[in-house]
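Welcome, and thanks for taking a look at this model together. Let us walk from the whole fold down to a single side chain.

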Amino acid sequence: MDWRVKGLLQKAFSMAPGGVKLNTRLQHVFGNLRDFDGHIAVKISDWATTMSYLSDVGFRVSGARLMEIGTGWHPVLPLCFFLAGARSIATFDIVRLLGETETFRLLGSLEIHIPRIAELAGENAATVHARLMELRRSRNLDELLGNSRIDYFAPADGRATGLTPASIDLVYSNSVLEHVPREVICGLMEESFRVLKPGGLVLHNVGCNDHYAFFDKSISFVNFLQYKESEWRLWNNPIQYQNRLRAPEFVDLATQAGFEVISKKTHVRPGTLEALAHLRIAPQFNSFSRDEVAATTVDFIGRKPLR
């Protein structure tokens, strides 16, 4: 299917009663959720990358209070953080997507990853496995979330969490900020600054690439940069909204909120530079360097000053 057809279909779903649920079902049949174990393995890999970044800056997960922006369909990262010894995880999403059957299925998929989770957490594998087995004895989703010290808020606004000021050690997101309007990201950064302890961290993994390229292999991961904003509105949609911000813009929004950026890594997907050589990008992106335009992911850490 052409990416433009998907965009228009999702736009139609977003306006229809039950459209979001229908889109979720289609993702399980035709989209990236049809390979459940493969999808979970990718998210485990994302968590491993996050743990590597945290290790590089000396952050210890054990005993830490965490806040997640964007829970999604499967709470892979919150559960991994619990298994790694986090004290609590508050996770916020604008849509309530977690389901009981899928979440318990996730627990089964996590079992083969226990050795890797334990190694990254610096924990004994038997201890981590025992934590997972205790979760699998939960009788329902609410009990499971309680046993894993996860507070799930959805639908909820991450710009107004209600959490106690200076009570959180780490705020993080994974493949979320690229789907959030710029002005909302500003609010999320301000709220993160408020709830973090002095010295606390924000860590965001951002896929600033054209997500339609995962679906339509005929286009590149920078395909959406050729459209003016007035043109892009036709293909953009509320279910898979893409803000098209470039890597430096995400980092600048953290800095403007008061964070000191202590780590930043960008990546360029294979074939992107070749695609840009033949792509006429829209004027709104002309102020960025070639490398800034080409970056398809940016991972960064910001620290709240001690004073």
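Two strands pair if DSSP finds at least two bridges between them, and the elements themselves are DSSP runs numbered from the N terminus: helices are H or I runs of at least four residues, strands are E runs of at least two. This is a predicted model, in which local features need pLDDT of at least 70 and side-chain atom pairs count only at pLDDT 80 or more, while totals for chains, interfaces and linings use all residues. Residues are numbered from 1 along each chain as its sequence is written, and side-chain values use heavy atoms, with hydrogens and water left out.

Seven strands form an open sheet in the order 3-2-1-4-5-7-6, with mixed pairing. Its edges are strand 3 (150-153) and strand 6 (260-267), each of which pairs on one side only. On average, neighbouring strands are turned by 15 degrees against each other, direction ignored; axes here are lines fitted to C-alpha atoms, for helices over the stretch in contact, and angles run from 0 to 180 degrees between N-to-C directions.

Now follow some of the pairings. Strand 1 (residues 65-69) and strand 4 (residues 168-174) run parallel and are joined by three bridges; E68 stands opposite Y172 in strand 4. Strand 7 has antiparallel pairings with strand 5, through six bridges, and with strand 6, through seven bridges. In strand 7, G302 is the bridge partner of V202, and D299 is that of K265. Six of the seven residues of strand 7 are buried, so this strand is largely enclosed by the rest of the structure. Buried means under 20% relative accessible area, exposed means over 50%, and partly exposed lies in between, with a 1.4 Å probe and protein chains only.

Helix 3 (residues 36-56) lies across strand 4, strand 5 (196-206), strand 6 and strand 7 (297-303), at about 140 degrees to strand 5. Helix 11 packs on the sheet too, touching strand 5, strand 6 and strand 7, and its direction makes about 10 degrees with that of strand 7. Contact means heavy atoms within 4.5 Å.

Let us stay with helix 11, which is mostly covered: seven of its 10 residues are buried. Among them are F250, V251 and L253. Their cover includes helix 9 (182-195) and helix 13 (290-294), together with strand 5, strand 6 and strand 7. After the helix comes G258, whose phi is positive, near 115 degrees.

Which residues does E249 touch, not counting those up to four places away in sequence? E249, found in helix 11 (residues 247-256), touches R182 and F288. At 15% relative accessibility, E249 counts as buried. Its side chain makes a polar contact with the side chain of R182 at 2.4 Å, and also reaches the backbone nitrogen of R246 at 2.8 Å. A polar contact is a pair of N or O atoms within 3.5 Å; within protein, one must be able to donate a hydrogen and the other to accept it, and residues adjacent in sequence count only if both atoms are side-chain atoms.

Finally, step back to the whole chain. The protein chain has 13 helices and seven strands, and buried residues make up 51% of its 307 residues. Its C-alpha atoms fill a box of roughly 55 × 50 × 35 Å, taken along the principal axes.
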